[in-house]
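Hi,

Here is the structure I said I would pass along. Have a look at it first, and then read on for what I found.

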Amino acid sequence: MTVLSLKHRKRNRIRETRKDRIFNTFNLLFWILVLFIVLYPLWLILIASVSDPDAVLQAKVLLWPVDFSLMGYETVLQNSELLRSYVNSIFYTVVGSALSVIITLAAAYALSRKFAGKKLVNLAITFTMFFSGGLIPIFLNVLNLGLWNTRAIMILMNLVSVWNLMVARTYIQTTIPEDLYEAAVIDGSNHFTYFFKCVLPLSGTIVAVLSVYYGVARWNDYFTAQVMLRDRALFPLQRVLREILASLTSTGSSDTFFAAYADNLGGLQAALRKAEVAKYCCIVVATVPAVFLYIFMQKYFVKGVMIGSVKG
Amino acid sequence: MSLSSSPLAYRGGIRHRIAMTLRRDWQLWVLLLPCLVFFIVFCYFPMYGIQIAFKDYKAVLKIEGSPWVGLKHFEKFFGSYYCGRMFLNTFLLNFYGLLFGFPVPIILAILLNQLNSKRFKGFAQTAVYVPHFISTVVLAGMIYLFFSPTNGIINHLITAAGGKSIYFIMEPGWFRPLFIGSDIWQNAGWNTILYIATLTGIDPQLYEAATIDGATRWEKIKHIDIPHLIPIAVMMLILNSGSLLQSNTDKALLLQTSGNMATSDIFGVYVYNVGIAAPKAQYSYASAIGLCLNIINFVIIMGVNAVSRKMSDISLF
């Protein structure tokens, strides 16, 4: 039976024309090129991070690790400031995102219902998307509140994103049937019990979407720390990385950053060489969490964008 | 019954109505409260501080006590040499970004849709999204590493081909290509999502009919895919042009060096440099520039939205 249906299908398929086959070949070649452009830089970082510093500096590492060594990672692991900032980042990301998700969902539920004053609240929230006090007034406000240079501001800054709030509201409006609400009300439920007992259990997808959106944004953010923190002990990973990776003036300082452990001149030379590879290792350690989160949560991610594109 | 929102409930004076509403919906307000507090404290409080743009802010005098100086800071800014340069830099960076960056996701989406192998298609889709999750700091770090004049792979390739090594990050002429190129590398794949969704929504019967009529793949793209993508593409174009004077401050800040100031000096970075990073921060002056920019962007977005609503029935609000 299967053989027959397979044969049948084969016979019925319209054969591709010559033009189409040429098109397909070119399209395939195009995509191989695109994937090369997208993935090669990432691959290069990965192999450089496990290669010998000299080979990396002379650009001999092109396709495969040269003289495999984990020296760079050792340097990174020995750097207490990097480790501390890593722990800080995990703290800011986990606590901050959890708080963001809860507050966003509660508000999204409220905004999905009808009540007097809703229009005004909607307007007031949307307005902040298009007009803000600006960097300096925001900075002075935080200063006045006594939150500048504290852990709290790293959690409270960007706590709710208007965009995510709208995504969540649209999700609740479109996926949770109105009948359920009516039934719950008849059974004596109020907004609290309905939200916690009906809405939350049905919101698995949107919780995943929001956690990943908020989580990745927080993990990758350096600008908040740049403006709001001075105390190095509070720095998140990206803020420390900036000094190591993305600054010309501090290239020297990033070298000394890693060279601090060397106690003699020969040691310093070696440390400087190591510092170069350590940069690649830093990139790997900083990027892996976000990319992994994406790969595991892939289906939710795309869904989130789709919910957002439905106008609510 | 206590939760129903019948219009009959709104009767009597305003005070009575508020009392009624609160009695009925107070739980909704409780759920909304943390979110509202956030927006009030972190978005609306700063708006009160905008007044320092018209004052000479001194920390000891606080916002209220600082003396009014009228439009002094605005005059200083518009009279300065940097003003015109910054307008041009901000505009050109966004304009070129749109010009080169806008078509890429559309082309990628169309061609991805034409791939035969389901597995390869899935892999390609996953792969092109990955750079979107890399942080700005790491992206800038990659640029510093790959384009380094001494150890960077790009300059190794250039010298190996007999060329002269280029100090990319210090050259004003290379700031925009680096900025926009890396932006396309990072986000073009992610931006295909909307177009791919549109393409998957097309009725398959259209393709079947076209195949029976002998249409090649190229003809199907031309006569089915592209016409379906035009409305959404136009909408995206209109929305994006609303941000022509907005600046991606954090990335520009990372890629700015003493060498490329001529092109990398854009509004957001200037405000940061003058108002936060400078040893003697000029709060009022920086606020004035920020306020100008905010107003201009607000007007542009409202205008773009009005145009878009008139032309295509698509609007933000």
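Predicted model: local features only at pLDDT ≥ 70, side-chain atom pairs only at ≥ 80, totals over all residues.

Among contacts in chain A between residues at least 6 apart in sequence, what percentage join residues at least 24 apart? It comes out at 70%.

**Confidence**

For the complex, the predictor gives an ipTM of 0.85 and a pTM of 0.86. Chain A has a mean pLDDT of 84, with 83% of its residues at 70 or more. One stretch to treat with care is residues 249-253 of chain A, where the pLDDT is below 50. Beyond near neighbours in sequence, that stretch has two contacts in the model.

Chain B averages a pLDDT of 87, and 94% of its residues score at least 70. Confidence in chain B is highest in helix 5 (residues 103-113), at a mean of 95, and lowest in helix 2 (residues 62-65), at 83. Residues 1-9 of chain B have a pLDDT below 50, and this stretch has seven contacts in the model beyond near neighbours in sequence.

Chain A is built with 17 helices and zero strands. Of its 312 residues, 39% are buried.

The largest nonpolar core holds 114 residues, and the members that touch the most others are A:Ala107, A:Tyr109, A:Ala168, A:Leu241 and A:Cys282. Helix 5 of chain A (residues 80-112) supplies the largest share of this core, eleven residues. Apart from this core there is another one of 15 residues, including B:Ile106, B:Leu111, B:Tyr129 and B:Ile193. As background, nonpolar side chains tend to be buried together in soluble globular proteins.

Leaving aside neighbours within four places in sequence, A:Ala168 is in contact with A:Thr104, A:Leu105, A:Ala108, A:Ile206 and A:Leu210.

**A helix pair in chain A**

How do helix 9 and helix 12 of chain A run relative to each other, parallel or antiparallel? The axes of helix 9 (residues 162-175) and helix 12 (residues 204-220) of chain A come within 10 Å and cross at roughly 175 degrees. An angle over 145 degrees counts as roughly antiparallel, so helix 9 of chain A is roughly antiparallel to helix 12 of chain A. On the helix 9 side, the contact is made by A:Asn164, A:Ala168 and A:Tyr171. Helix 12 of chain A brings A:Ile206, A:Leu210, A:Tyr213 and A:Tyr214. Sorted by type, the residues of this contact are six nonpolar, one polar and no charged.

A:Val207 is in helix 12 of chain A too. It has 17 C-beta neighbours inside 10 Å, so A:Val207 counts as partly exposed. The C-alpha atoms of A:Val207 and A:Ala98 are separated by 9.8 Å, while the two residues are 109 residues apart along the chain.

**Where the chains meet**

The contact takes 76 residues from chain A and 71 residues from chain B. Helix 2 of chain A (residues 18-49) gives the largest share of the chain A side, 13 residues. The chain A side divides into 52 nonpolar, 17 polar and seven charged residues.

Not counting residues up to four places away in sequence, B:Asn294 touches A:Phe131, A:Ser132 and A:Gly134. B:Asn294 counts as partly exposed because it has 18 C-beta neighbours inside 10 Å. B:Asn294 and B:Leu245 are 9.5 Å apart, C-alpha to C-alpha, and 49 residues apart in sequence.

Most residues other than glycine have a negative phi. A:Asp67 is not a glycine, yet has a positive phi of about 50 degrees. You'll find A:Asp67 in the loop between helix 3 (53-57) and helix 4 (71-78) of chain A. With 14 other C-beta atoms within 10 Å, A:Asp67 is partly exposed.

A:Asn158 has a positive phi as well, of about 55 degrees. Its place is in the loop between helix 8 (151-156) and helix 9 of chain A. A:Asn158 counts as partly exposed, with 17 C-beta neighbours inside 10 Å.

Cheers

Note on methods
Residues numbered from 1 in each chain as written. Chains lettered and ligands numbered in written order. Axes fitted to C-alpha atoms, helices over the stretch in contact; angles between N-to-C directions. Helix = DSSP H or I, 4+ residues; strand = E, 2+ residues; numbered from the N terminus. Parallel < 35°, antiparallel > 145°, perpendicular 65-115°, else oblique. Nonpolar A, V, L, I, M, F, W, Y, C, P; charged D, E, K, R; others polar. Core = buried A, V, L, I, M, F, W, Y, C linked by C-beta atoms within 7 Å. Buried ≥ 20, exposed ≤ 12 C-beta atoms within 10 Å, placed from the backbone. pLDDT = per-residue confidence, 0-100.
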